[in-house]
Amino acid sequence: MSRLNSVIRRLQAQRDCLNAAAEMIKDQDGIVLEVGLGNGRTFDHLREIMPDREIYVFDRQIAAHPKCIPDDDHLFLGDIFETLPMAAERFKGKVALVHSDVGTGDEDLNAKIAAFIGQTLPTALMTGAIVASDQKIDVPNTIAEPLPEGVPKDRYFFRRYQ
Ligand code: SAM
């Protein structure tokens, strides 16, 4: 497959997963956490498909398209090893959806980040909350949910908090 087709497939799968995750929480109130602003693509999509939700965004730096930067009140700027525990305490039990897209090229670091996110999130999650992630994250007290049709196994991961 050409690299162009590969990128297109990856992004289509990501969009399909975000759309599916939004659908899965449609009957629940609750806020959304976007972990990994990057250039703001997925943040922009989340706010487009969930215009009435509060979305809080995490990154250690701002490198997003100027139109895809949240206001200061919705931005946790800094290392998630510091900001995510603060947010979990602040939003105790109020989070309906987490989208985590912080994968790097470093597998060991990815595993460390995934373990940290997994142990930090439960405080923030409401019953029925969805954690959608690019890396496998073991979140206590969650079960796996199926991916949308056509999204290859292990491309994305869905967990639902019990
Ligand atoms: N979802 C984004 C998008 O669609 O544009 C892409 C996110 S990008 C793949 C990953 C982001 O995670 C980077 O912007 C990076 O700065 C951030 N990141 C990685 N490790 C982090 C950490 N420990 N703390 C805060 N941000 C981190």
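The paragraphs below walk through the confidence, the sheet, the helices and the ligand shell of this structure.

This is a predicted model, in which local features need pLDDT of at least 70, side-chain atom pairs count only at pLDDT 80 or more, and totals for chains, interfaces and linings use all residues. Residues are numbered from 1 along each chain as its sequence is written. The chain averages a pLDDT of 97, and 100% of the residues score at least 70. Here pLDDT is the predictor's confidence in each residue, from 0 to 100. For the complex, the predictor gives an ipTM of 0.99 and a pTM of 0.97.

Start with the sheet. It is open, has 7 strands and mixed pairing, and runs in the order E3-E2-E1-E4-E5-E7-E6. Helices (H or I, at least four residues) and strands (E, at least two) are DSSP runs, numbered from the N terminus. Two strands pair if DSSP finds at least two bridges between them. Strands E3 (75-77) and E6 (142-144) stand at the edges with a single partner strand each, so one side of each has no neighbour in the sheet. On average, neighbouring strands are turned by 15 degrees against each other, direction ignored. Strand E5 (residues 125-133) pairs with strand E7 (residues 157-161) in the antiparallel sense, over 4 bridges. Val 131 stands opposite Arg 159 in E7.

Helix H3 packs on this sheet and touches strand E1 (31-35), E2 and E3. Its direction makes about 155 degrees with that of E2. Axes are lines fitted to C-alpha atoms, for helices over the stretch in contact, and angles run from 0 to 180 degrees between N-to-C directions.

Now the other helices. The axes of H1 (residues 3-24) and H2 (residues 41-49) come within 10 Å and cross at roughly 35 degrees. H1 contributes Gln 14, Arg 15, Leu 18, Asn 19 and Ala 22 to the contact, while H2 contributes Thr 42, His 45, Leu 46 and Ile 49. Residues are in contact if their C-beta atoms, placed from the backbone, lie within 7 Å.

Finally, the ligand. Of the 18 residues around it, Gly 36, Gly 38, Arg 41, Thr 42 and Arg 60 come nearest. A residue counts as near if its C-beta atom, placed from the backbone, lies within 6 Å. H2, strand E2 (55-59) and helix H3 (80-90) each supply at least two residues of the shell.

Terms used: Two residues are in contact if their C-beta atoms, placed from the backbone, lie within 7 Å.
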